[in-house]
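Dear colleague,

Please find below the structure that I am handing over to you. My notes on it follow directly after.

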Amino acid sequence: MKFAAAVSALATMASAASISIGKPISPLDVKIEMIGNTGVKASITNKGTEDLKVFKTGSFLDKRPTEKVKVSKGKSKVPFTGVRLRVKQSGLKESAFQVIPAGKTVETEFDVAQLHDLSAGGAFDLISEGALQYAKAGSNIISGFVPYSSNLVSASVDGLAASKVFKSFHAKMKRQDIQSDCTGSQQSATADGINACADLAKQAASIAESDDNKLIEYFKNADSETRSYVVDVFNNVAAECGSTSSGAPYYCSDVYGACEDGVIAYTLPSEGYMVNCPIFFDELPPASSQCHAQDQQTTVLHETTHLTSVAGTDDYGGYGYDFIQSLTAAQNLNHADTYTLFAQSIYADC
């Protein structure tokens, strides 16, 4: 990785697999519908008997350019070109949450063409699925998650109009003439985090080679295919974190405007750069010996897995040990926090 000096316009792809977070009972009923050519309205109904205080950050309730729906054309996934986040799980602001009262419906709207290139036009399929994290009433600490899966919507899209939306959005989000912004203590913390990420990823690759129980605990399989894939991802991470002067650009200021509401760091996979937010520097230790805790070295590792050139991982709307246990084996292989917690458990000797 390198400390960046400039960012170009958004392009290319972020790898993202369609998911289905098990099929446990959920109080959420999510419906999506098209509005005009590429607008989408999502209606979220709380069918439970209690109010639900959901964490908006990173979800389809987030106003930031996060992945709100999966889009496909035929059998091919349409690449997502927005931002992937890592968020903290405690000490969050009230503004990061939204209460969905029992029996009530909230609505949100977004334009799917902003973050998906639909210029080919014609038939596309859309679905929103994943999980919403929540806090208990009177608390701002994440205490669990609820899965959801919307209806599947088939849309006929005017490709020319969709292309104008895509280009207009990314031209507006473009950043130019940004100077190298990692200086002083932020530079040293970022460099130390990158170096520690390389060491941690090498250790994780070694353990994945030999420890069947650890692989099963985090990835649910210890077969040769799973082992090889996990080892390759950690080796890719180690290679990417092996330099602070080359590779993916790394920023210490909020060049994309996403550092709010508990965001520790974020990655723009389509553009191939990462950003550390103030929380990274002000609240996280360089490393933690507490099992499954968040720290700087694992945050760098988490964000590095999001890079398309490394693994192109997803977040699926959830973080933490309990959440990764709810995923399928295939989803774990494409989930950033699964790799993060596997590696952190080695450092913390969990």
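**The annotated site and the aromatic pairs**

In this predicted model, the side chains of histidine 302 and aspartate 315 make a polar contact at 3.3 Å (a pair of N or O atoms within 3.5 Å; within protein, one must be able to donate a hydrogen and the other to accept it, and residues adjacent in sequence count only if both atoms are side-chain atoms). Local features need pLDDT of at least 70 and side-chain atom pairs pLDDT 80 or more, while totals for chains, interfaces and linings use all residues. Residues are numbered from 1 along each chain as its sequence is written, and side-chain values use heavy atoms, with hydrogens and water left out.

Histidine 302 belongs to helix 6 (residues 296-306); helices are DSSP runs of H or I with at least four residues, strands are runs of E with at least two, and both are numbered from the N terminus. At 0% relative accessibility, histidine 302 counts as buried (under 20% relative accessible area; exposed is over 50%, partly exposed in between; 1.4 Å probe, protein chains only). Aspartate 315 is placed in the loop between helix 6 and helix 7 (321-326), and with 7% relative accessibility it also counts as buried. Leaving aside residues up to four places away in sequence, the contacts of histidine 302 include Leu85, Arg86 and Tyr319, and those of aspartate 315 include Arg84, His306 and His335; contact means heavy atoms within 4.5 Å.

An unreviewed UniProt entry annotates His302, His306 and Asp315 as "binding site"; such annotations may be inferred rather than shown by experiment, and positions are given in the numbering used here, with feature names shortened.

Turning to the aromatic residues, there are 12 aromatic pairs (ring centres of Phe, Tyr and Trp, the latter by its six-membered ring, within 6.5 Å; planes under 30 degrees apart are stacked, over 60 edge-to-face, the rest tilted). Phenylalanine 60 and tyrosine 148 form an edge-to-face pair, with 5.0 Å between centres and 85° between planes. This pair links the loop between strand 4 (52-55) and strand 5 (70-73) to strand 12 (residues 142-149), 88 residues apart. Both phenylalanine 60 and tyrosine 148 are buried.

The rings of phenylalanine 219 and phenylalanine 342 are 5.7 Å apart at their centres with planes at 55°, so this pair is tilted. Phenylalanine 219 is in helix 3 (residues 212-219) and phenylalanine 342 in helix 9 (residues 336-347), so parts 123 residues apart in sequence are tied together. Phenylalanine 219 and phenylalanine 342 are both buried.

Yours sincerely
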